[in-house]
Amino acid sequence: MLKQLNYSSARLQRAGARASTRRCQTVSHRAVCVKASMDMEAERSSSSISNRRELLACAALAVAAGLAAAGPAHADDANLSKFEPMDALKGKDYGKPRMKVKDYVTTPSGLQYQDIKEGNGASPQPGDTVVIDWDGYTIGYYGRPFEARNKPKGSSFNDDNKDFYRFVLGEGKVIPAFEEAVADMKPGGIRRIIVPVELGYPEDNWRKLGPKPSTFAGDRALDFVLANRGMIDKTLLFDLELVRVDAPKGGR
């Protein structure tokens with residue numbers, strides 16, 4: 001009887017050991033599976049982060065290239081100071097360097113331009129009335145538009161060109177950048193210009209010279225930048241389309 005009990009006890013112990021071994025193996029297997037799953041998740045997460053970083057880096061490069069595809073202008077590039085004029089930094093020997101935009105022509109005055117479309121015919125002469133369409137952006141401050149080009153023009157009862165902007169070349173009623181930019185354009189041409197403060201609106205007041213925004217929203221967007229006395233870059237960008245050149249009625 002005693003032998004039988006001992007035998008039964010031994011069998012139970014062996015069975016318990018086998019069950020314990022299986023449990024350990026199961027737990028171990030589960031741990032391996034969990035660890036593998038965690039490793040895979042970490043790898044996916046790492047890969048995802050890496051991809052996001054690459055995308056963000058590419059986006060940052062694209063934005064940098066689009067907004068200011070260039071480096072600082074040198075002092076001998078134009079008759080301008082080394083730094084952007086800012087009221088908060090007057091008299092300082094440091095500031096934001098002037099930007100020279102890649103693939104743009106820089107004139108001695110500091111105007112930068114690029115011809116988007118070449119025109120045909122003769123360029124305007126002093127005394128001619130130039131008819132233009134234009135748009136403008138505060139490129140030095142978030143590139144906010146303050147005038148849109150290609151607005152609807154007139155109606156069947158009015159002159160189709162009534163909303164185009166007109167000025168007499170050489171009369172001094174528009175900002176210097178417009179006088180200079182239009183002088184050698186040809187009808188039908190489109191020119192993009194980067195306008196430094198010195199060639200823009202006098203005394204940061206867009207009401208003194210043309211062109212002027214045609215909407216209240218445009219007034220506010222431009223005035224916010226020009227009237228600011230802090231550290232704001234007041235460089236402007238314009239697109240000019242020379243629609244037509246009208247000679248003086250009495251002839252030249």
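Modeller: Here is a short chat about a strand, a lysine and a cavity.

Modeller: Keep in mind that this is a predicted model: local features need pLDDT of at least 70, side-chain atom pairs count only at pLDDT 80 or more, and totals for chains, interfaces and linings use all residues. Residues are numbered from 1 along each chain as its sequence is written, and side-chain values use heavy atoms, with hydrogens and water left out.

Biologist: Strand 5, then: how many of its residues are buried?

Modeller: 8 of the 10 residues in strand 5 (residues 129–138) are buried, so the rest of the structure largely encloses it. Buried means under 20% relative accessible area, with a 1.4 Å probe and protein chains only. Strands are DSSP runs of E, at least two residues, and helices are runs of H or I, at least four, numbered from the N terminus.

Biologist: How many bridges join it to strand 9?

Modeller: There are 9, and strand 5 runs antiparallel to strand 9 (residues 236–246). T129, for example, has D246 as its bridge partner there. Two strands pair if DSSP finds at least two bridges between them.

Biologist: And which way does strand 7 run?

Modeller: Strand 7 (residues 165–168) is antiparallel to strand 5, with 4 bridges joining them. V131 is bridged to R166 in strand 7.

Biologist: What about strand 6: what does it form with strand 5?

Modeller: A hairpin, with 5 residues between the two strands. In the turn, Y142 has a positive phi of about 65 degrees. The two strands run antiparallel and share 3 bridges, and Y137 has P145 as its partner in strand 6.

Biologist: New topic. K234: buried or exposed?

Modeller: Buried, with a relative accessible area of 6%. K234 is in the loop between helix 3 (216–226) and strand 9.

Biologist: What does its side chain reach?

Modeller: The backbone oxygen of L226, at 3.0 Å. Leaving out residues up to four places away in sequence, K234 touches (heavy atoms within 4.5 Å) D87, V197, D204, V225, L226, N228 and R229.

Biologist: How many cavities of 30 Å³ or more are there?

Modeller: The search of the whole structure finds 1. About 50 Å³ of space lies in the largest cavity. A cavity is a set of points on a 1 Å grid over the protein atoms alone where a 1.4 Å probe fits but cannot get out, and lining residues have an atom within 4 Å of a point. The volume is the space filled by probe spheres set on the points.

Biologist: Which residues line it?

Modeller: The lining of the largest cavity includes K234, L226, V197 and D204.

Conventions: Buried means under 20% relative accessible area, exposed over 50%, partly exposed in between (1.4 Å probe, protein chains only). A polar contact is a pair of N or O atoms within 3.5 Å; within protein, one must be able to donate a hydrogen and the other to accept it, and residues adjacent in sequence count only if both atoms are side-chain atoms. On a 1 Å grid over the protein atoms alone, a cavity is a set of points where a 1.4 Å probe fits but cannot get out, and a pocket is an open set with protein on both sides within 12 Å along at least five of seven lines; lining residues have an atom within 4 Å of a point.
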